[in-house]
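Subject: Structure handover

Hello,

Here is the structure we discussed, with notes on what came out of the analysis. Please read the notes alongside the coordinates.

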Amino acid sequence: MSSRNTRQLPIFPLSAVLFPGATLPLRIFEPRYKEMLRACMDGDRRFGVALIKRGDEVGGYAEPYPVGTVARIEDIGSPSGGALPIVAMGESRFRIITLDRTRPYLTATVEVINEDLQPYTSDDILVAAMDATRTYIANLLASQGAWHAGIEVPEDPFPLSYFMGIIAASAPERSRQRLLESDTAGERLQAGIALLEEESERLRDTIMRSGPGEVESRFSSN
């Protein structure tokens, strides 16, 4: 039996879920997180992002959900208005074992979750997941008036299972967190189908009531 893949990791509690493969732009302005950033750059440029379960993103105490995503700092911009812009990329999931609040910022001993990169997924589930993803994207873009835009959908079940969570712009963060916590790609695909079908229906209702342009997107305009 292999040993657990554990490590120490600074934790950045946020009011949003980060998925593996997603880009995370941040503006670092609190002194404690600037200190965290310096520690990351002195190490391997990695920190953990976890959705806040209780507490606040800015200021004092925050209790994170136990499953989050390791983020690697890809770029640091020039300071502006006292804030430091950074761009990080989600890499792999982790599970918090113990929290440490002795530093100004939160740290934890975490278990990095080893993923099965070739999980068994039935063709029916994969096709249903791709259909639900394409339908959601079409409704999301239509709600913004972008009728003719297109987004490439992954065909491999592993990246698709995270892509479904990444694009779920209109979904509650706790629903996206439940998808992140699913153990396997197959389970994430099934959770993603339910999530995107529900959000597609909500988007269609929004379009009927308000017209296009009412929903914020996680897609870049670039």
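I begin with R188, which lies in helix α5; helices (H or I, at least four residues) and strands (E, at least two) are DSSP runs, numbered from the N terminus. This is a predicted model, in which local features need pLDDT of at least 70 and side-chain atom pairs count only at pLDDT 80 or more, while totals for chains, interfaces and linings use all residues. Residues are numbered from 1 along each chain as its sequence is written, and side-chain values use heavy atoms, with hydrogens and water left out.

R188 has a relative accessible area of 0% and is therefore buried (buried means under 20% relative accessible area, exposed over 50%, partly exposed in between, with a 1.4 Å probe and protein chains only). Its side chain makes a polar contact of 3.0 Å with that of S161. A polar contact is a pair of N or O atoms within 3.5 Å; within protein, one must be able to donate a hydrogen and the other to accept it, and residues adjacent in sequence count only if both atoms are side-chain atoms. Leaving aside neighbours within four places in sequence, R188 is in contact (heavy atoms within 4.5 Å) with R93, E115, F158, S161, Y162, L179, S182 and D183.

S200 also lies in helix α5, which covers residues 185-210. S200 counts as buried because its relative accessibility is 2%. Not counting residues up to four places away in sequence, S200 touches T135, Y136 and N139.

For the overall picture, the protein chain has 5 helices and 7 strands, in the order β-β-α-β-β-β-β-β-α-α-α-α from the N terminus on. Of its 222 residues, 46% are buried. Among contacts with a separation of 6 or more, 71% are between residues 24 or more positions apart.

Next, the cores. A nonpolar core is a set of buried Ala, Val, Leu, Ile, Met, Phe, Trp, Tyr and Cys residues joined through side-chain atoms within 4.5 Å. The largest one has 31 residues, of which Y136, L160, M164 and L196 touch the most other members. At least two residues of this core come from each of α2 (123-143), α3 (157-167), α4 (173-181) and α5, and α2 gives the most, with 8 residues. Not counting residues up to four places away in sequence, L160 touches L126, A129, M130, T133, V153, P154 and L189. Another core, of 19 residues, lies apart from the largest one and has L26, C40, V49 and Y105 among its members.

Helix α1 (residues 31-42) has 12 residues, which at 1.5 Å a residue should span 16 Å; its end C-alpha atoms are 17 Å apart, which agrees (the expected span is 1.5 Å times one less than the number of residues). The buried residues of α1 are R32, Y33, M36, L37 and C40. They cover an arc of only 140° around the axis, so they sit on the same side of α1; the arc is that of the directions from the helix axis to the C-beta atoms. What covers them includes β1 (6-14), β2 (23-28), β3 (46-55), β5 (67-76) and β6 (84-100). The face turned away from the buried side of α1 carries the exposed residues P31, R38 and D42.

Last, a backbone detail. R45, in the loop between α1 and β3, has a positive phi of about 70° although it is not a glycine. With a relative accessible area of 25%, R45 is partly exposed.

Regards
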